[in-house]
Amino acid sequence: MTFDEMRGQNGTVRRPYAGISRWLQSVSTDQLEGRCVEAELFYRRGGITFAVHGDAQGEERIIPYDIVPRVLSVSEWARLSRGLEQRVRALNLYLADIYGNQEILKAGVVPQDLVWRNPAFRPEMCGLKVPHGIYVHIAGIDIVRIDADSFFVLEDNARVPSGVSYMLGGREISIRLMPDLFSAHRVAPIENYPDELLATLRSVGPAGASADPTVALLTPGPFNSAYYEHSFLADKMGVELVEGRDLFVRDDVVFMRTTEGPKRVDVIYRRVDDDYIDPLTFRPDSMLGVAGLFSAYAAGNVTLANAIGTGAADDKVIYSYMPDILRFYLDEEPILKSVPTWRCREADDLAYVLEHLDELVVKEVHGSGGYGMLVGPQASQAELAAFADRLKANPDSYIAQPTLALSTCPTFVDHGVAPRHVDLRPFVLTGAGGIRIVPGGLTRVALPQGSLVVNSSQGGGTKDTWVVEC
């Protein structure tokens, strides 16, 4: 049975949603429609767009925004934030270990071949001491809710997680378009996220950097699907937005070209994938990175956030070992649950998955964005048969999970307000001073009725997320 976050299992309105429920009863469909139109105009005027992967025309789209906020209580958020902090601590310890002494592999907790054969594992990072020992400075942990008390981690995004601009844009829409409703609630602020991000980045400057290290945001350029977010965050933090051609390396030190001459760069918030970051070390055909950047990094003269090779911690097979990883490094039980996962690389698990394919969600180990997956209960017989053949041909590339009954929130759709499935991506910042988490995050909503896929590229939208005292 699906848990409705506004009404709960017994149909009565839950305390965090009391004000939202009264508001929904007081506004008409036309009023809600008008505010949705205004929200779209806000996004369009601000250039808040995204590009769809595989779209041959490269069309920029406005992400759908739902005007009805999602609400969490302070106590719910407190439990979530404790679990997020625990999770990110373990991710950083795991990465430090697999690129260091590899104790978890020697202990047999994680099979060695899952590390060595992982395309996101970077042997170049082995033995390299990263500044302050931090690998994942910015994490986007995808959370789903099953009932009033159960939050599950669905995915660990430890490479270059995106979505912050939608989180902040959604909050601005709430304040502008629903000022009375917003002011009637004691909503925890998220507007300070850029300041928190900048403080985090400045705190991890390399040894020898000044007390006020120079930070730059490295973008692949305006053709990247998340370019708006790159420019948005650089502007909000007051740092330079640079492309690879704006930087150069001399004597293992990174410099930025400016009108006043070269300026040393101490910290790079990079939104360029590992493969393209340095053509001398990784892909030689890359035009996006900076020649010699990895040498400067290895010499300890620049901090890269996130570190190179963090993708080795967030693929979907390693995800299935996270409870064991937590126990190994922290000697603690996970606060946030993990979804039961069948590893198709294992014969018994593959046999089970093939037998129950119509009941499961099957995902590519290194897939993202909702691509390359099968939602068994919604698939046709032909689709099931075709996917079974793919599994048999390449079982190592897939995992399977039960079809979760994701919680729903009230959402404005074509015919009025109706429940739609949601997830949550909080953003966790780790710096030399510890972990910072702004209260809330990006709620993504599956807009088509019955859909469980929240990704914007697959028809999903976003909501503002309120953490309120109630």
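In this predicted model, the charged end of arginine 250 is placed over the ring of phenylalanine 255. The distance to the ring centre is 5.4 Å. Arginine 343 lies over the face of tyrosine 321, 3.8 Å from the centre of the ring.

Rings also pair with rings. In total, 15 aromatic pairs were found in the structure. One of them joins tyrosine 43 and tyrosine 166. Their centres are 6.5 Å apart, and the angle between the planes is 40 degrees. Tyrosine 43 belongs to helix H2 (residues 29–46), while tyrosine 166 belongs to helix H6 (residues 164–177). The pair therefore ties together parts that lie 123 residues apart in sequence.

Both partners were then checked for burial. Tyrosine 43 has a relative accessible area of 0% and is buried. Tyrosine 166 has a relative accessibility of 12%. Tyrosine 166 also counts as buried, because the cut-off is under 20%.

Another pair is formed by tyrosine 99 and phenylalanine 121. Here the ring centres are 4.9 Å apart and the planes meet at 5 degrees, so the pair is stacked. Each residue sits in a loop. Tyrosine 99 is found between helix H3 (74–98) and helix H4 (103–106). Phenylalanine 121 is found between helix H5 (112–116) and strand E4 (138–145). The two residues are 22 positions apart in sequence, so this pair too ties separate parts together. Tyrosine 99 and phenylalanine 121 are both buried.

Tyrosine 43 and tyrosine 166 also take part in an aromatic cluster. Phe42 and Tyr65 complete this group.

Rolling a probe the size of a water molecule over the atoms shows where empty space is left. Across the whole structure, one cavity of 30 Å³ or more was found. The largest cavity has a volume of about 40 Å³. Its lining consists of Leu154, Glu155, Lys316, Tyr319, Lys363, Ile399 and Gln401. At least two lining residues come from each of strand E5 (151–157), helix H11 (316–320) and strand E17 (398–402). By class, three residues of the lining are nonpolar, one is polar and three are charged.

Notes:
Residues numbered from 1 in each chain as written. Predicted model: local features only at pLDDT ≥ 70, side-chain atom pairs only at ≥ 80, totals over all residues. Heavy atoms only, no water. Phe/Tyr/Trp six-rings, centres within 6.5 Å; stacked < 30°, edge-to-face > 60°. Helix = DSSP H or I, 4+ residues; strand = E, 2+ residues; numbered from the N terminus. Buried < 20%, exposed > 50% of the residue type's maximum accessible area, 1.4 Å probe, protein only. Lys NZ or Arg CZ within 6 Å of the ring centre and 35° of its normal. 1 Å grid on protein atoms, 1.4 Å probe; cavity = no way out; pocket = protein on both sides within 12 Å on 5 of 7 lines; lining within 4 Å. Points joined across faces, edges and corners; volume = space filled by probe spheres on them. Nonpolar A, V, L, I, M, F, W, Y, C, P; charged D, E, K, R; others polar.
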